[in-house]
Amino acid sequence: MGVTKEQVESSLTSKLKPLHVEVIDTSGGCGASFVVEIVSEQFEGKRLLERHRLVNAALEEEMKQIHALSIKKAITPEQWKQQQESAEPKSEA
Amino acid sequence: MSSRTAVSAVFRSALRPRHNPLLSSRFSVLQTRLLSSETRQAIDKAVASAPVVLFMKGTPETPQCGFSRASIQILGLQGVNPQKFTAFNVLEDEELRQGIKEYSEWPTIPQLYVDNEFVGGTDIMMSMHQDGSLAKLLEEKDVVVPAEGGDA
């Protein structure tokens, strides 16, 4: 029983049309605890609370079985690009 | 009007399935519960009971869940004035535990309210703690312990 990582990913993908989505099962396989990172245009112009509400809504069915959901990132493609650029080490050459 | 109430009460008791204590807790989880106006009023009061209100699992002294613990730690780091803070232990009250989720339209616990307004859960508190917006909010609402004048 429980929810699989794939189920979480597919619900997020179909509802939020993310540019990037990463789901980590932190439950040790029982499907009750996940960490998610999502990059979606649908977050544009929305504050953090509203972004998290979108994610929660996308996982409404799954949330009935998930005990812990940690939304580590809910950012726009623009923010993602900026984060990646600042995270990348400068080329040495 | 009163007869209708009486009739529906009869219907309810007639239609209510036999109480099975083994099943009931499971049903209450699976059912989509409608928030009764009584529960809603009770939560309204809870939310308004202090400027900063946290609905959590366990107590601030002994949180029963890592997310609740993290939330308490964040509020502590922010220097929230204990006199302006109240925590509700949802584990002590099943009605509250389910009701608060519907009330806030938020599926998880803990939940933070500041000045009657829903702020979010642990992830949001953590982000706001890191980017400084939580400190700003709490200062604006005047709920932090006043800075002591220089003495260590």
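The following legends describe close-up views of a predicted model.

**View 1. The fold of chain A.** Chain A contains four helices and three strands. Read from the N terminus, these elements follow the order α-β-β-α-α-β-α. Of the 93 residues in chain A, 41% are buried.

View 2. Lys5(A) and Glu9(A) form a salt bridge, and their closest N and O atoms are 3.0 Å apart. Both residues belong to helix 1 (residues 5-16) of chain A, where they are four residues apart, about one turn of the helix. Lys5(A) is partly exposed, at 31% relative accessible area, and Glu9(A) is partly exposed as well, at 22%.

View 3. Glu140(B) pairs with Lys136(B) in a salt bridge whose closest N and O atoms lie 3.7 Å apart. Helix 7 (residues 133-140) of chain B holds both residues, four residues apart. Glu140(B) and Lys136(B) are both exposed.

**View 4. Further salt bridges in chain A.** A salt bridge joins Lys64(A) to Glu61(A), with 3.0 Å between the closest N and O atoms. Lys64(A) is partly exposed, with a relative accessible area of 45%, whereas Glu61(A) is exposed, with 52%. Glu37(A), Lys72(A) and Lys73(A) are linked in a salt-bridge network. Over all chains, the structure has seven salt bridges.

**View 5. A negative surface patch on chain A.** The patch is formed by Glu41(A), Glu44(A), Glu78(A), Glu85(A) and Glu88(A). Glu44(A) lies in the loop between strand 2 (33-39) and helix 2 (48-58) of chain A. The relative accessibility of Glu44(A) is 49%, so this residue counts as partly exposed.

Technical notes
Residues numbered from 1 in each chain as written. Chains lettered and ligands numbered in written order. Predicted model: local features only at pLDDT ≥ 70, side-chain atom pairs only at ≥ 80, totals over all residues. Heavy atoms only, no water. Patch = residues over 30% accessible without salt bridge, like charges linked within 9 Å, V, L, I, M, F, W, Y side chains within 5 Å. Areas by Shrake-Rupley, 256 points an atom, 1.4 Å probe, with all protein chains shown as cover. Salt bridge = Lys/Arg side-chain N within 4 Å of Asp/Glu carboxyl O. Lys, Arg positive; Asp, Glu negative; His and termini not counted. Charge placed at Lys NZ, Arg CZ, Asp CG, Glu CD. Helix = DSSP H or I, 4+ residues; strand = E, 2+ residues; numbered from the N terminus. Buried < 20%, exposed > 50% of the residue type's maximum accessible area, 1.4 Å probe, protein only.
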